[in-house]
Amino acid sequence: MAPVEANVRLFEELDRLLGSYDPVVPSAVVDELDEVGSGAGKAATAASVGSDLADRARTVEVDGAYGDDALVDLARTGRVAYVVTLDRPLVERVLDADTPVICLRGRNTLTVTDP
């Protein structure tokens with residue numbers, strides 16, 4: 001949802017930061033995006049864009065039905081090198097799992113925050 005919420009060109013920013021990478025998205029996140037995206041309003045629009053972008057990533061199954069928990073599980077088990085999020089509480093949880101976070105710096109630029 002970050003591209004709409006913060007006017008971030010997500011994959012261009014990831015290319016700039018990382019070069020090559022294998023994007024993954026937990027199935028729980030895809031499910032949440034689809035659910036929110038089926039509604040109306042700004043959140044639905046952002047979720048719909050997020051769902052379209054998620055199609056560019058490989059979907060992975062993770063224990064837990066809640067997206068944030070799935071992302072933390074991927075971080076904790078070492079299945080991802082980074083987690084991308086603008087959600088401050090999630091940033092802290094991922095950093096506590098000893099995984100770097102890609103988050104917003106300034107208005108629309110992403111940066112890596114190390115644990």
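A residue is called buried when its relative accessible area is under 20%, exposed when it is over 50%, and partly exposed in between, with a 1.4 Å probe and protein chains only. By that scale Asp 98 is exposed, with a relative accessible area of 61%. The structure is a predicted model, in which local features need pLDDT of at least 70 and side-chain atom pairs count only at pLDDT 80 or more, while totals for chains, interfaces and linings use all residues. Residues are numbered from 1 along each chain as its sequence is written, and side-chain values use heavy atoms, with hydrogens and water left out. Helices (H or I, at least four residues) and strands (E, at least two) are DSSP runs, numbered from the N terminus.

**The sheet and the helices across it**

- An open sheet is built from three strands in the order β3-β4-β5, and its pairing is mixed; two strands pair if DSSP finds at least two bridges between them.
- The edge strands of this sheet are β3 (83-84) and β5 (109-113), each of which pairs on one side only.
- Strands β4 and β5 run antiparallel and are joined by five bridges, and Leu 104 stands opposite Leu 110 in β5.
- Helix α2 lies across β3, β4 and β5 and runs at about 45° to β5, where axes are lines fitted to C-alpha atoms, for helices over the stretch in contact, and angles run from 0 to 180 degrees between N-to-C directions.
- Helix α6 also lies across β3, β4 and β5, running at about 145° to β4.

**Buried positions**

- Val 8 sits in the loop between α1 (2-5) and α2 (10-18), and Val 8 is buried because its relative accessible area is 4%.
- Leaving aside residues up to four places away in sequence, Val 8 touches Ala 2, Pro 3, Glu 13, Leu 104, Asn 108 and Leu 110, where contact means heavy atoms within 4.5 Å.
- Although Val 8 and Asn 108 are 100 residues apart in sequence, they are 4.9 Å apart in space, C-alpha to C-alpha.
- Ser 27 belongs to helix α3 (residues 27-37), and Ser 27 counts as buried because its relative accessibility is 12%.
- Ser 27 touches Thr 59, Val 60, Glu 61 and Val 62, again not counting residues up to four places away in sequence.
- The buried residues of α3 are Ser 27, Ala 28, Val 29, Val 30 and Leu 33, and these buried residues pack against β1 (24-26), α4 (42-54), β2 (58-60) and α5.

**Salt bridges**

- Side chains of opposite charge can pair when their charged atoms come close.
- A salt bridge is a side-chain nitrogen of Lys or Arg within 4 Å of a carboxyl oxygen of Asp or Glu, and by this rule the count comes to five salt bridges.
- One of them joins Glu 12 to Arg 9, with the closest N and O atoms 2.9 Å apart; Glu 12 is partly exposed at 45% relative accessibility, whereas Arg 9 is exposed, with a relative accessible area of 57%.
- Another salt bridge brings together the side chains of Asp 69 and Arg 93 at 2.8 Å, N to O.
- This pair links distant parts of the chain, since Asp 69 is in helix α5 (residues 67-76) and Arg 93 is in helix α6 (residues 88-96), 24 residues apart.
- Asp 69 is partly exposed, with a relative accessible area of 36%, and Arg 93 is partly exposed, with a relative accessible area of 34%.
- The side chains of Arg 88 and Glu 92 also meet in a salt bridge, at 2.7 Å from N to O, and both residues lie in helix α6, four residues apart, about one turn of the helix.
- Arg 88 counts as exposed at 52% relative accessibility, while Glu 92 is partly exposed, with a relative accessible area of 34%.

- Asp 96 is found in helix α6 and is exposed, with a relative accessible area of 67%.
- The C-alpha atoms of Asp 96 and Met 1 are separated by 23 Å, and these residues are 95 residues apart along the chain.
- Asp 98 is placed in the loop between α6 and β4 (101-105), and Asp 98 has a positive phi of about 65° although it is not a glycine.
- Most residues other than glycine have a negative phi.
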